[in-house]
Amino acid sequence: MNEGISASLKTSCGEMDRRLNRDVNPDTKIRRFRVYQRDAAFYYVDGTVSVDFLQHYLLEPLEDLRDQKPEAELATALQNVVRLTDVQTAKTYEDAVNHLMTGRAVLLVEGMACALGFDARAFVRRGIAPPQTESVVLGPHEGFNESIRDNITLLRRILPSPNFIGEMRSIGDQIPVSLCVLYLKDAVDEDMLRRVKARLDSIRTDHVLSIGALEQMLEDKPFSLLPQCCLTERPDRTASMLLEGQIALLLDGSPLALVMPASILHLLHTPDDTSLRWQYGTFLRLLRLFGLLCALLLPGLFVAFVTFHPEALPVTLLTAVLESQAEVPLSIPAETFLMLIMFNLINEAGTRVPGISGSTLGTVSGLILGQAAVEARLIHPLLVIVVAVSSLGSYAVPDYSLGLAIRIAQLLFLAAGCIFGIYGMVLFCAAGTIRLCGMTSLGSPFAAPMSPIRTRNPDGWTRMPIWMQRARIWVANPADVNRTDGRMRGWDRRGNANDR
């Protein structure tokens with residue numbers, strides 16, 4: 001209920017105490033004093049404001065005026081005395097409580113039918129540290145933290161432009177949390193921007209716990225296996241996507257940025273690709289793609305060829321497999337499923353174990369279990385190699401959500417290969433490709449620019465020289481996709497630099 005603040009301090013304090021549950025909530029503090037010959041009270045939440053700041057810059061200047069009379073309207077006179085840049089007026093009790101919950105100190109004065117919210121926030125927060133999951137060799141080593149203001153500042157330092165817009169809003173019906181919609185005014189497609197805002201306005205939930213929960217409320221196909229948004233903890237990568245016309249969302253309390261729309265290519269690119277020379281970046285992207293295909297198809301192909309199409313294998317390899325299989329009690333499909341599940345279990349255990357012990361646990365457990373299983377004749381050695389290579393391929397996928405999708409799809413391809421052989425895998429691959437081409441992210445084709453063909457810079461499966469990339473990607477403002485003619489670097493017909 002939006003009840004207006006009373007001019008009676010006793011009434012206002014009673015209503016604030018009731019709304020803040022001060023009888024059972026000791027974190028909500030009140031400080032009573034006099035100003036301009038009137039009774040006054042400060043409300044603040046312990047732990048969210050700086051007590052020293054409150055004492056020196058708010059209480060002391062106001063208490064010095066206890067015996068004076070205001071020279072202007074009361075609220076105006078108080079704002080003139082407390083010379084802070086961020087002072088907001090609350091007309092209702094609900095607004096005053098919201099100010100308190102966001103770290104402000106709220107001032108109530110006898111005879112003033114409003115409240116003043118002073119920015120004295122001092123939340124405990126983590127400092128700027130290197131990203132945990134997106135480490136690079138070349139490039140900045142700064143990652144987002146849990147403070148939305150710090151994250152916006154990191155991006156503004158990279159993009160010092162008035163066209164870099166950050167629209168603040170709150171999300172959540174009962175317990176709202178701050179959300180920032182970031183975009184470049186001249187680069188973003190206005191239709192996509194309106195679509196994002198419409199989806200944010202349509203969310204009905206008491207509270208948004210994390211940026212991952214927000215992603216699930218905004219994606220086009222919630223039952224799809226593939227992620228349709230890009231999550232990153234790197235400010236430089238977020239800035240590069242903003243330059244291409246994409247939209248980023250920052251949620252207070254989350255050290256990640258949610259970027260949309262995205263495509264399958266965005267989930268496979270890394271910041272190192274742009275920092276390195278184009279030959280090196282192209283090599284790494286092709287290597288990454290090879291790892292993805294190994295993770296997705298290698299176990300299923302192994303079982304399909306050995307079980308259904310042994311004539312396609314070399315005689316020596318087939319003989320070695322069959323001889324070792326004769327001493328193993330399990331069938332090849334059962335062995336493969338068992339090994340994949342065990343490697344996924346080792347990876348999950350290594351992820352949850354804190355610190356450097358996690359990676360050590362994963363490596364040692366894989367070596368010990370694989371060697372013990374071979375010596376106990378539960379599996380044959382070639383299968384250990386196949387599962388190990390496929391697991392390494394899944395680790396080469398830079399996006400964590402896409403890596404999990406690949407592991408699940410790996411089991412589905414294996415099931416198709418176990419039941420129908422290579423033909424089943426081909427049919428399953430065709431169905432997956434059709435599904436991929438039909439997916440969208442914020443209404444934009446997820447498989448673009450391959451399907452359908454879209455105008456773009458030459459930065460897809462391979463990375464052409466950066467000085468040749470003079471076009472934005474297909475998600476940008478259609479009127480500003482082709483930014484300038486020519487390239488960023490001159491050259492002659494032989495390809496030499498024309499800098500003489």
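**View 1. Strand β9, covered on both faces.** Both faces of β9 are covered, with I247, L249 and L251 buried on one side and A248 and L250 buried on the other. Buried means under 20% relative accessible area, exposed over 50%, and partly exposed in between (1.4 Å probe, protein chains only). In a regular strand the side chains alternate between the two faces of the sheet. Strand β9 spans residues 247–251, and five of the five are buried, so the strand is largely enclosed by the rest of the structure. Helices (H or I, at least four residues) and strands (E, at least two) are DSSP runs, numbered from the N terminus.

The model is predicted: local features need pLDDT of at least 70, side-chain atom pairs count only at pLDDT 80 or more, and totals for chains, interfaces and linings use all residues. Residues are numbered from 1 along each chain as its sequence is written, and side-chain values use heavy atoms, with hydrogens and water left out.

**View 2. The strands paired with β9.** Strand β7 (residues 177–184) runs antiparallel to β9, joined to it by four bridges. Two strands pair if DSSP finds at least two bridges between them. L179 has L251 of β9 as its bridge partner. Strand β10 (residues 257–260) also pairs with β9 in the antiparallel sense, over four bridges. Here A248 stands opposite V259 of β10. Five residues lie between the strands in the hairpin of β9 and β10. G253 in this hairpin takes a positive phi near 95 degrees.

View 3. Strand β1 covers residues 28–35 and strand β2 residues 38–45. Eight bridges pair them in the antiparallel sense. V35 stands opposite R38 in β2. Two residues separate the strands of this hairpin. In the turn, Y36 has a positive phi of about 50 degrees.

**View 4. Helix α8 and the glycine that follows.** Helix α8 runs over residues 235–243. Seven of its nine residues are buried, so α8 is largely enclosed by the rest of the structure. The buried residues are P235, D236, R237, T238, A239, M241 and L242. G245 follows α8 and has a positive phi, near 100 degrees.

**View 5. F343 in helix α12.** F343 lies in α12, which spans residues 332–352. Its relative accessibility is 16%, so F343 counts as buried. Leaving aside residues up to four places away in sequence, F343 touches V387, A388 and S391. Contact means heavy atoms within 4.5 Å. F343 and A388 are 45 residues apart along the chain, and their C-alpha atoms are separated by 8.2 Å.

**View 6. The whole chain, for context.** The protein has 15 helices and 12 strands. Its radius of gyration is 30 Å, well over the 23 Å that the globule rule gives for 500 residues, so the protein is more spread out than a compact globule. The radius is taken over C-alpha atoms, and the globule rule is 2.2 Å times the number of residues to the power 0.38. Along the principal axes, the C-alpha atoms fill a box of roughly 100 × 65 × 40 Å. Of the 500 residues, 44% count as buried. Among contacts between residues at least 6 apart in sequence, 65% join residues at least 24 apart.
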